[in-house]
Each structure stands twice: as structure tokens, then as C-alpha cells.
Amino acid sequence: LFKGKKLPEDPGADTVDFPKRTTPAKGYELLFQPEVVRIYISLLKESKTPAILEASAGAIQNLCAGSWTYGRCIRSALRQEKGLSAIADLLTHDSERVVKAASGALRNLAVDLRNKELIGKHAIPNLVKNLPGGQQTPAKNLSEDTVVSLLSTINEVIVDNLEAAKKLRETQGIEKLVLINKSGNRSEREVRAAALVLQTVWGYKELRKPLEKEGWKKSDFQVNLSNASRTQGGNSFDDSTL
């Protein structure tokens with residue numbers, strides 16, 4: 001699929017080749033051809049209509065689910081076409097449906113290791129801002145489904161990505177995660193999703209001393225996950241559709 005070296009510091013070598021076709025695309029195949037993917041990206045960048053933004057991000061989310069050939073190509077194409085930042089920007093949108101669709105798209109895009117690095121650098125602050133709690137005014141009252149989606153995306157991004165975990169700590173993400181777990185007014189799904197993120201953070205030995213210096217204790221990161229399904233990133237695609 002890829003030509004050249006896959007080094008994060010060498011963007012010039014980042015070339016993706018969609019499979020060569022011997023016959024014209026037809027039927028559902030039209031949905032994932034390179035020229036159509038560029039239309040999705042263009043809509044994400046240019047449209048001001050919430051329904052179009054939601055649908056475009058949802059299309060990207062669905063096409064990037066799973067480890068199929070076109071999914072891998074589209075994850076790379078989004079990076080090449082500067083689509084990652086456009087989707088990350090949607091996390092600040094006034095429409096909750098747009099925020100949720102953007103979160104789902106980013107989660108699946110982050111399965112690509114180079115996308116994961118970029119999303120960790122640029123999208124973690126906006127992901128954290130959408131979480132309940134903290135000093136934000138006015139507070140966002142997002143639904144359980146949206147909060148769980150945001151938490152799942154954060155976990156996908158920080159798994160095997162120490163720099164993203166550091167960014168989470170720097171943007172007051174730990175405070176919000178612990179609050180979700182201990183406030184007593186969040187749903188079981190939200191608590192479970194937040195707990196997985198906290199466990200991922202504590203898994204980085206490099207972060208433990210800095211966290212303890214800030215006053216956090218090991219117990220803050222050990223949440224009772226009775227009957228919780230442990231989806232620790234790595235191809236844990238969000239296969240939900242809109």
C-alpha cells in the first residue's frame with residue numbers, strides 16, 4: 001500500500017496508492033473511491049451545514065472502520081489531504097451530533113499510527129474540553145453516548161502514544177476523568193470508559209512520578225471495572241453508523 005519509508009519525521013515519503021482498478025467502480029464501490037473521499041474532505045472543510053458536516057464525518061468514520069484495504073488507504077489519504085485538522089476542528093462545533101460524528105471519525109483514523117501521533121498533538125485539548133466537569137462556562141451537557149464516544153477516542157489516541165498521554169495531563173484531562181469516576185452522577189458506561197483511559201495513563205511508568213507530584217494517588221487510577229469489557233485500543237474500531 002505504501003511507498004517509501006513510513007517515518008513520522010519524513011512527510012515527503014508519505015505516499016498512499018489506492019488499489020488500481022481494472023473495471024469502473026459501480027454500486028457501493030463508488031462510496032470509497034479516491035475522488036469521492038476528496039469530496040468528503042472538501043465538505044468537511046467548506047460546509048457550514050451541521051447535517052452535512054455530521055454526514056461527512058460519519059462517512060469517514062464508517063469507511064475507516066475495520067482493517068480492510070480501502071480503510072487503510074482512506075486513513076492515509078485523510079492525512080495527506082489535511083483532513084485530520086478539519087475533523088479535529090469540528091469538536092468545537094455547537095451541534096452535539098457533529099461533535100459525536102467527529103469523535104467517531106477520529107477514533108477510527110487514530111488506528112493509523114501516524115494519524116494517532118498527529119491527533120494526539122492537535123485534538124486532545126478539544127476532546128478534553130467536551131468532557132463534563134471542570135471550570136468551563138457554560139458547561140456542555142452532552143449525552144451519555146457522546147461522552148462515551150469522546151472517552152473511547154481519547155483512549156484510542158493515548159494507547160501506545162506517550163506524548164498524547166502527556167498532552168491529556170497538561171490539558172486538565174486527569175481532573176475530568178477522575179471526576180467522572182468519583183462524582184457519583186455519571187452513568188456506568190461513562191465511568192467504565194473513563195476508567196479505561198485512567199488505566200491507560202497509569203500504565204505509563206514515566207508519568208507516575210509527575211502525577212504523584214501533582215497530588216494524584218495510585219488509587220485514583222484504579223477503578224473497579226466489574227464486568228467491564230477491556231478494549232485497550234489497537235483496532236478497537238467504532239463500527240457504529242449514523
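These are my notebook entries on a predicted model of one protein.

**Confidence.** I looked first at how far the model may be read. The mean pLDDT of the protein is 84, and 83% of its residues reach 70 or more. Residues 1-13 have a pLDDT below 50, and I noted 20 contacts for this stretch beyond near neighbours in sequence. The pLDDT is also under 50 over residues 227-232, where the model has 15 contacts beyond four places in sequence.

**Secondary structure.** I recorded twelve helices and two strands. Along the sequence, the pattern reads β-β-α-α-α-α-α-α-α-α-α-α-α-α.

Of the 242 residues in the protein, 49% are buried. I then checked contacts with a separation of 6 or more: 72% of them join residues 24 or more positions apart. The accessible surface of the protein is about 12400 Å², and carbon and sulfur atoms account for 52% of it.

**Surface patch.** I found a nonpolar patch on the surface formed by Ile39, Leu43 and Ile52. Together these residues have about 230 Å² of accessible area. I followed up Ile39, which lies in helix α1, residues 34-46. The reasoning rests on the cut-offs: buried means under 20% and exposed means over 50%, with partly exposed in between.

Conventions
Residues numbered from 1 in each chain as written. Predicted model: local features only at pLDDT ≥ 70, side-chain atom pairs only at ≥ 80, totals over all residues. Heavy atoms only, no water. pLDDT = per-residue confidence, 0-100. Contact = heavy atoms within 4.5 Å. Patch = residues over 30% accessible without salt bridge, like charges linked within 9 Å, V, L, I, M, F, W, Y side chains within 5 Å. Areas by Shrake-Rupley, 256 points an atom, 1.4 Å probe, with all protein chains shown as cover. Salt bridge = Lys/Arg side-chain N within 4 Å of Asp/Glu carboxyl O. Helix = DSSP H or I, 4+ residues; strand = E, 2+ residues; numbered from the N terminus. Buried < 20%, exposed > 50% of the residue type's maximum accessible area, 1.4 Å probe, protein only.
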